[in-house]
Amino acid sequence: MIYITSFKKEILQESWNLKQHQIEHSIGRGLLAYGLQEEYRISREDILLEKGEYGKPYLKKYPEIFFNITHCKEMAACAIATKEIGIDIEGVRKFSPAILKRVLTLKEKEQLEGTKQKEEMFFRFWTLKESFIKAIGKGLSFPLQEISFQLPEEYEGEIKANQKGYIFYQRQINSQFILSICFKEREMPDSLKIFQNVPVSTFFNSFITN
């Protein structure tokens, strides 16, 4: 299951006097709590997090349940699954050309140069790579250029990757955000469900005040 919410940080800052990173972190944790309650009836009090070797968090009491959280400016998402999963969301914006040398492979650069929508294409690559390294739990210690993708023109097309045993999904959110998901599967899960407009009010107040 994938849970997505959007928020206006200015409104939450006024209500709770929190900094931006605190708001994003709290909303991500709130989505996790909301999803675990919806899917498994796990109460927030039972959500105890530990960290693995590379800092990836996991559920201490429920190691058979996997999750991953991502957030950016005014958008957050949480993935919950029965196998390793990684998720990343980013807003499309300008990027520094210098970053291409350490992120994209030669073929990916060629595909980027062949499109007019360079910012969008870059973040399509970036979020896919981020979702993979988050799924394997190694973070940026894993070289991004070792992951290679060939992207379809449309988001609904097949995403080809050089990583066996993993499959990828990507979609555009609200025309300005890109969401990418990495599943440790050989085929796209039939049970994939995306809840795109989870209201922050359903979980944020109780999560912060308690």
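What share of the contacts in the protein with a separation of 6 or more comes from residues 24 or more positions apart? I looked this up and found 56%, where a contact means heavy atoms within 4.5 Å.

I note that this is a predicted model, in which local features need pLDDT of at least 70 and side-chain atom pairs count only at pLDDT 80 or more, while totals for chains, interfaces and linings use all residues. Residues are numbered from 1 along each chain as its sequence is written, and side-chain values use heavy atoms, with hydrogens and water left out.

**Overall form.** I find six helices and eleven strands in the protein, both taken as DSSP runs numbered from the N terminus (helices are H or I with at least four residues, strands are E with at least two). The radius of gyration is 17 Å, which agrees with the value near 17 Å for a compact globule of 210 residues; I took this radius over C-alpha atoms, and the globule rule is 2.2 Å times the number of residues to the power 0.38. Of the 210 residues, 44% count as buried, a term that means under 20% relative accessible area, against over 50% for exposed and partly exposed in between (1.4 Å probe, protein chains only).

**The sheet with β4.** I followed an open sheet of four strands, in the order β4-β5-β1-β11 and with mixed pairing; two strands pair if DSSP finds at least two bridges between them. Because β4 and β11 (194-195) stand at the edges with a single partner strand each, one side of each is left without a neighbour in the sheet. Even so, I see that strand β4 (residues 66-72) is mostly covered, with five of its seven residues buried. Seven bridges pair β4 with strand β5 (residues 75-81) in the antiparallel sense, and Phe67 has Ile80 in β5 as its bridge partner. The two strands form a hairpin with two residues between them, and Glu74 in the turn has a positive phi of about 65 degrees. On to strand β1 (residues 2-6), which runs antiparallel to β5 and is joined to it by five bridges; here Tyr3 stands opposite Cys78.

**Strand β6.** I then turned to strand β6 (residues 85-91), where seven of the seven residues are buried, so the strand is largely enclosed by the rest of the structure. In a regular strand the side chains alternate between the two faces of the sheet. In β6, Ile85, Ile87, Ile89 and Gly91 point one way, Gly86, Asp88 and Glu90 the other way, and all are buried. Seven bridges join β6 to the antiparallel strand β10 (residues 177-183), among them the one between Gly91 and Phe177.
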